[in-house]
Amino acid sequence: MRFWDTSAIIPLLADEPTREGLLAILDDDPQIVAWWGTLVEIASALARRERDNLITASEVESALAAARQLADGWHEILPSDAVRRTAERLVRAHPLRAGDSLQLAAAIIAADHDPTTLELVCLDARLATAARREGFSVQG
C-alpha cells in the first residue's frame with residue numbers, strides 16, 4: 001500500500017510522459033491511500049489543462065470518470081483534527097501550500113505517525129522534499 005499524491009494520480013488519468021512509470025508502480029501495488037480532497041485537486045488540474053487548451057472537454061469528462069472509478073477502490077484519509085493539526089505544523093516546518101500540507105498530513109496519519117512504514121508516490125518536487133524530510137520514502 002502506498003500513499004498517492006494528486007500529482008502522481010493525474011498521469012494515471014491523462015497522457016503524460018510519466019504515465020508508464022506510474023502505471024508500473026500501481027501494477028506493483030494497486031492499493032492506493034489518498035487524501036479526501038484528491039478528487040477536487042484532480043478536477044482542478046484537469047480544468048486548468050482544459051482552460052489552457054491542452055485537453056478537450058470530452059477528455060476532462062473521461063478523466064474525471066476514470067478518477068471516480070479509481071477513487072471507489074482507494075483508502076481515503078478523511079478530514080480530522082489530527083490531519084488539521086499536523087498540516088498546521090507542516091506549513092510552519094516546510095515551504096508548503098495549504099493543499100500540499102494537507103496531503104502530507106494525511107500521509108502521516110495514514111502511516112500512523114511513522115513515515116518509514118508507508119511509501120509516498122509524488123511528482124511535486126516541493127512536497128516530495130518535505131515528505132523526505134518527514135521520513136517518507138518517495139517514488140515518482
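Student: How do the residues of the lining of the largest pocket divide into nonpolar, polar and charged?

Tutor: This is a predicted model, in which local features need pLDDT of at least 70, side-chain atom pairs count only at pLDDT 80 or more, and totals for chains, interfaces and linings use all residues. Residues are numbered from 1 along each chain as its sequence is written, and side-chain values use heavy atoms, with hydrogens and water left out. Ala, Val, Leu, Ile, Met, Phe, Trp, Tyr, Cys and Pro count as nonpolar, Asp, Glu, Lys and Arg as charged, and the others, Gly among them, as polar. On that basis the lining of the largest pocket has 3 nonpolar, 4 polar and 8 charged residues.

Student: Which residues lie nearest the centre of the largest pocket?

Tutor: On a 1 Å grid over the protein atoms alone, a pocket is an open set of points where a 1.4 Å probe fits, with protein on both sides within 12 Å along at least five of seven lines; lining residues have an atom within 4 Å of a point. The lining of the largest pocket has 15 residues, and those nearest its centre are T6, S7, E41, R48 and D100.

Student: Which helix gives the largest share of the lining of the largest pocket?

Tutor: Helices are DSSP runs (H or I, at least four residues), numbered from the N terminus. At least two lining residues come from each of α1 (6–13), α3 (38–51) and α6 (98–110). The largest share, 5 residues, belongs to α3.

Student: How are α1 and α3 placed relative to each other, and why?

Tutor: Axes are lines fitted to C-alpha atoms, for helices over the stretch in contact, and angles run from 0 to 180 degrees between N-to-C directions. The axes of α1 and α3 are 10 Å apart, at an angle of about 60°. Angles under 35 degrees count as roughly parallel, over 145 as roughly antiparallel, 65 to 115 as roughly perpendicular and the rest as oblique. The angle therefore makes α1 and α3 oblique.

Student: Which residues of α2 make the contact with α1?

Tutor: Helix α2 (residues 19–28) and α1 cross at roughly 105°, and their axes come within 8 Å. They are therefore roughly perpendicular to each other. With contact meaning heavy atoms within 4.5 Å, A8, P11, L12 and L13 of α1 meet, on α2, R19, L22, L23 and L26.

Student: How many nonpolar residues has the contact of α5 with α6?

Tutor: Helix α5 (residues 81–93) packs with α6 at about 125°, their axes 8 Å apart. The two helices are therefore oblique. Besides 2 polar and 1 charged residues, the contact of α5 with α6 has a nonpolar count of 11.
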